[in-house]
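This briefing covers a helix pair and a pocket. Please have the structure open beside the text.

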Amino acid sequence: MLKNRIIPCLDVKNGRVVKGINFVDLKDAGDPVEQAKIYSDGGADEICFLDITASNENRDTIYDVVEKTSKKCFVPLTVGGGVRSVEDINKLLNCGADKVSINTAAVQNSEVVVESSKKFGSQCIVVAIDAKKNGNKWEIFTHGGRNNTGIDAIEFAKKMEDSGAGELLVTSMDRDGTQVGYDIDLMSKISSKVNIPIIASGGVGNLDHLVDGIKLGNASAVLAASIFHYGKHSVKEAKEYLDSKGIPVRI
Amino acid sequence: MNVTIVDYNSGNISSVINSFKEVAKDKVNIEITSDLNKIKSSDKVVLPGQGSFKSCIDALNNISGLVDALSEFAMNNKKPLLGICVGLQMFADFGYEETKTKGLGWVPGKVSKIDNQNGKYKLPHIGWNQINIVKESKIFKGIENNSHMYFVHSYEFVPEDKNVVSATTDYSSNIVCSVEKENIFGTQFHPEKSDKTGLKIIDNFISL
């Protein structure tokens, strides 16, 4: 039976791990290579790096981080943030990333998704959807959550599937950093609209939120940062909790 | 001993390289090349593959003499070869991803899309799934039945002769995830991304 995945996410800035509250007010909290290794040894099903401010800054540090991490971690490594072109994807894959997540570039030009999934295969193309509720719909934000595009998130999800994305990483901008739980409504609506797996992100504060993301949000994988990063829970604890709730996990 | 990872522009092979180097340490020389002579003189060959069946076959055919060199290595000289993911799928006669494409024909069978039961199951089949070991395979030495492996694929290899199947995995149907036919080995899952159990499989192959 296919297991639901738990993915610790490390937000990386200038080669260091940080985690913001609603993408501002950053705290420095460690070396990404060591963190990734601790997570993979602890049973993380995948590791995710998001180079959060990369759209605006020099981002060469991430290549070095990815290269070092991939020599130590033998679980899948997803890298995103500031990925603009097929060439950026190529560079990250060559450094040892297994999947690349594309956000702003996919919204601005879906051809990047079409082209890269043809060139490298859908298996390594993740489209990151940052969405915020506006009335009774969700709208897509880009540039690390700074720009509202007005694009409907559910329709966009379908378009990304059709363009060749292998997975969708869905983040609720309303919930990110709040620790009140995933936006379940958003997750389940996107999951029922597309046939590719979705990864729920944004808002995890306790282990029940992970359970809800899978059971109610129909996510194939759950991503979280703070609850793991500041030592509130280990990945192992999270897996045992999910297992006790009848969710299939790799233990 | 020389183990060659075939570099034929089939997409991302850095994880395969990293994992083999991790396991090999200084004991075994890991070569990454498409040089025909180096492949022919190698002790073992690893054939990775990402992307579509067609794109991988096209990439193999783009390097003049490569398919013949690999066939000579695996089929005539009967030296150990491990195919990973699309590397395994290419053993088949035909693949049906994008369009019907002729495979290497080393293990009779075809590669077709996983039946997702009208959208009931998500595709690609991504994540950790357990393997049912159905026959003893040299690369499963020390691997427990029901071990977890990392998968990412939408197409499956359907061999004609079920005796070549060494493991299956359960998703929307029972999917062939490992084959062994004499000196030819293949895994649909990614040992290079399957943590310590995956590295053990790589170690088993290197130690053959």
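Which residues lie nearest the centre of the largest pocket? They are A:Ser122, B:Ser52, B:Glu97, B:Ser154 and B:Tyr155. This is a predicted model, in which local features need pLDDT of at least 70, side-chain atom pairs count only at pLDDT 80 or more, and totals for chains, interfaces and linings use all residues. Residues are numbered from 1 along each chain as its sequence is written, chains are lettered from A in the order in which they are written, and side-chain values use heavy atoms, without hydrogens and water.

**Largest pocket**

- The largest pocket has a volume of about 710 Å³ and is lined by 32 residues, where lining residues have an atom within 4 Å of a point on a 1 Å grid.
- The lining divides into eight nonpolar, 17 polar and seven charged residues.
- At least two lining residues each come from helix H5 (111-120) of chain A and from helix H3 (53-62), helix H5 (86-89) and strand E9 (148-153) of chain B.
- With three residues, H3(B) gives the most to this lining.

**Helices H1 and H6 of chain B**

- H1 (residues 14-24) and H6 (residues 195-206) of chain B pack at an angle of about 65°, with axes 9 Å apart.
- H1(B) and H6(B) are therefore roughly perpendicular (65 to 115 degrees).
- The contact (heavy atoms within 4.5 Å) uses B:Ser19, B:Phe20, B:Glu22, B:Val23 and B:Ala24 of H1(B), and B:Leu199, B:Ile202, B:Asp203, B:Phe205 and B:Ile206 of H6(B).
- By class, this contact has seven nonpolar, one polar and two charged residues.

Notes
Axes fitted to C-alpha atoms, helices over the stretch in contact; angles between N-to-C directions. Helix = DSSP H or I, 4+ residues; strand = E, 2+ residues; numbered from the N terminus. Parallel < 35°, antiparallel > 145°, perpendicular 65-115°, else oblique. Nonpolar A, V, L, I, M, F, W, Y, C, P; charged D, E, K, R; others polar. 1 Å grid on protein atoms, 1.4 Å probe; cavity = no way out; pocket = protein on both sides within 12 Å on 5 of 7 lines; lining within 4 Å. Points joined across faces, edges and corners; volume = space filled by probe spheres on them.
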